[in-house]
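Please look over the sequence and the model shown here before reading the briefing.

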Protein chains: 2
Amino acid sequence: MATVKDVAVLAGVSTATVSRVLNGHPNVSPEARARVARAVEQLGYRPNRVARNLRVQTSQTVAVIIPDIQNNFFVSVVRGIEDVAIARDHILLLGNTDDSLSREARYIDVLLAEGVAGIIICASDGERSCVAVRRAVEQGVPVVALDRQLQGLDVDTVLADNVGASRMATDYLIANGHTRIGLIAGPDYLTPGRERREGYEQALAAHGLPVDPGLVKVTDFRPSQAREAAQTLLDAPEPPTAMLVCSGLMAVEVMREMAVRQLDPRRDIALVAFDDTVLNRCLCPPIPLITQSTYELGQAAAELLFARMHDPQQPARTLRLQTRLLLPESVPAAGASPASGRQPS
Amino acid sequence: MATVKDVAVLAGVSTATVSRVLNGHPNVSPEARARVARAVEQLGYRPNRVARNLRVQTSQTVAVIIPDIQNNFFVSVVRGIEDVAIARDHILLLGNTDDSLSREARYIDVLLAEGVAGIIICASDGERSCVAVRRAVEQGVPVVALDRQLQGLDVDTVLADNVGASRMATDYLIANGHTRIGLIAGPDYLTPGRERREGYEQALAAHGLPVDPGLVKVTDFRPSQAREAAQTLLDAPEPPTAMLVCSGLMAVEVMREMAVRQLDPRRDIALVAFDDTVLNRCLCPPIPLITQSTYELGQAAAELLFARMHDPQQPARTLRLQTRLLLPESVPAAGASPASGRQPS
DNA sequence: ACGATCAGTGTAATCGATTACATCAGGCCT
DNA sequence: AGGCCTGATGTAATCGATTACACTGATCGT
């Protein structure tokens, strides 16, 4: 590989001049500029970024760390980040942690050691992830928390309006006459888990309904746990007449369990779920879904990151993005049993 | 951030000794080792990989470039790669190109400039992608082609048995009495597009059936084109009695179009599709799917990559991985019209 | 006409690691 | 005792860029 030195020799100038040309410095004569350009062309020279990064102590790379690359929610968010990064002439590197704290820490450490310009992270644990993330912050590497807050770290954060979403969904079920509403919730150590439960409780309280602890099943968002939670709820002596499922992947499992029991969400037990995956759009039958603006979530996170890269001093901001309740057709009122005819697809 | 120098001073040794300790060289006294370890600990020292990479001209990072991060096929392959990379104590960086040649080239250039140790690429164009990839090969950076061959580049390659898969699927339809089988194919410039068509034609030929060009619609694998192709086929004066769809995302669109026309794949027009996405497992109704061992595909690619990183001289290998035809329940024979009763989910 | 300013350029230091080479002490062999 | 090997360590070169600083001539203002 050709180096600046080679280019300098061929162009008959010093390496300093080559570098100035390459980086668009103003005080270079047009001739020098032209000769360097020709030499670069001739040698097929491409600057070594490792050397550059070492010298300037920064890079044109930003990274995003997500817990599950198979979950369409995160992937869709990544798309939003990606487009912003590309537009800013950076490249985006993606790390997948599989919800493993150690893998997450490893990614962070390597990225820092490799001099990444910024990190967007959807932490696998709102509290315990902070140990590793803090290292980034301390090194002055901009960090944006995505979808999940970093407990006790003062960083830019982009979140969905989980409380509002959950409350809206619960309100909706209550409006349809349900009073015994099961909740298949996420863990307290993750923002969406915590806040979605809060929205649910707020809605119940607003309607003077009690929170029955027996109706609330806390999971760690893993589909297998959703299955168990659904079984417990459905096996209860007095099962709920509706359920709010706090993740899309979990909803798929809940519906599998209901199918086994010949329960139809339009007839027997109403279901509303957060929409994480493309899968949800294909559920048979369709159910009401809480959709999040995933792409915009990613965009917003990337914008915050670049803003901070540009001005590291500004105070940390937290953005909340709207959610929507997406109704398929109609949802059964509690007690009713219309069993609308099925139709293909 | 602390540097080797700081560690050296604190430990009372030279930077050379620090480096030797850090890299596990044999000839270091136990005391020196201990003192360095303590200094490292005390300072929270972490080696700067940029500097290291510059010096040793390599890194512990491998990259995979895929055309569509929203397509579960690729993502699942990535998981296979990832696990191997982690096991080999490397980290994996993922680039998504959205089928854009320019983005692909940009990723490759940046990765090379950043000194990546190896690249696994699922090219967005079997021929035109080679321009950029060739630069990697010429720089001596190991490259593995994944799922799609790089025309005219002699690199390690991992492929699915596309011909066999397609032939098996077509055989299956023929065995069920179909003679007019539509093909919604992929483009010739991608291995899966080309080979799946070949398998289809081989199967027809083996049974003495003619290849009717009117039944073959070539697409670029984009779902929207699948929709058009399906429309054309179904609108034909003599429509096919069965269709083989060469990608999972396309199959979803084809089924949408059939649903609009009230056509049931179990009753009216048989359907077999390649299984790319989780979506396919949730199709209503389910159809026969050709499944590929995506995870193993990724694993194999990663193994080839590491093998080559270890020994750059070995001749390029091409691996073919088996596929399976996954039957849901039963598929209608041509002309039959059983319309088995529907059941939830 | 003389100093100040400035455009254009080069020399060499620098980023933070690795490592070739030099050095030195001690042990061993003859 | 002298030479040789070996283990442990240090000095300084090196990777390939950027850039502080120095220098040269030319231009300009007074």
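**Helix packing**

In α2(A), Thr17(A), Val18(A), Val21(A) and Leu22(A) meet Ala32(A), Arg33(A), Val36(A) and Val40(A) of α3(A), where contact means heavy atoms within 4.5 Å. The residues of this contact of α2(A) with α3(A) divide into six nonpolar, one polar and one charged. Here Ala, Val, Leu, Ile, Met, Phe, Trp, Tyr, Cys and Pro count as nonpolar, Asp, Glu, Lys and Arg as charged, and the others, Gly among them, as polar. This is a predicted model: local features need pLDDT of at least 70, side-chain atom pairs count only at pLDDT 80 or more, and totals for chains, interfaces and linings use all residues. Residues are numbered from 1 along each chain as its sequence is written, chains are lettered from A in the order in which they are written, and side-chain values use heavy atoms, with hydrogens and water left out.

**Helix angles**

- Two packed helices are described by the angle between their axes and the distance between the axes.
- Helix α2 (residues 15-22) and helix α3 (residues 30-43) of chain A pack at an angle of about 90°, with their axes 10 Å apart.
- That makes α2(A) roughly perpendicular to α3(A), a label for angles of 65 to 115 degrees.
- In chain B, helix α2 (residues 15-22) and helix α3 (residues 30-43) also pack at an angle of about 90°, with their axes 10 Å apart.

**Two copies**

- The same surface serves both copies, as 100% of the contact residues of chain B recur in chain A.

**Nonpolar core**

- The largest nonpolar core has 102 residues, and those with the most contacts inside it are Leu150(A) and Leu150(B).
- A nonpolar core is a set of buried Ala, Val, Leu, Ile, Met, Phe, Trp, Tyr and Cys residues joined through side-chain atoms within 4.5 Å.
- Beyond its neighbours within four places in sequence, Leu150(A) is in contact with residues including Ile121(A), Cys130(A), Val143(A) and Val155(A).

- Glu253(A) lies in helix α11 (residues 248-260) of chain A and is buried, with a relative accessible area of 15%.
- Buried means under 20% relative accessible area, exposed over 50%, and partly exposed in between (1.4 Å probe, protein chains only).
- Glu228(A), in helix α10 (residues 223-235) of chain A, is exposed, with a relative accessible area of 52%.

Definitions and conventions. Axes fitted to C-alpha atoms, helices over the stretch in contact; angles between N-to-C directions. Helix = DSSP H or I, 4+ residues; strand = E, 2+ residues; numbered from the N terminus. Parallel < 35°, antiparallel > 145°, perpendicular 65-115°, else oblique.
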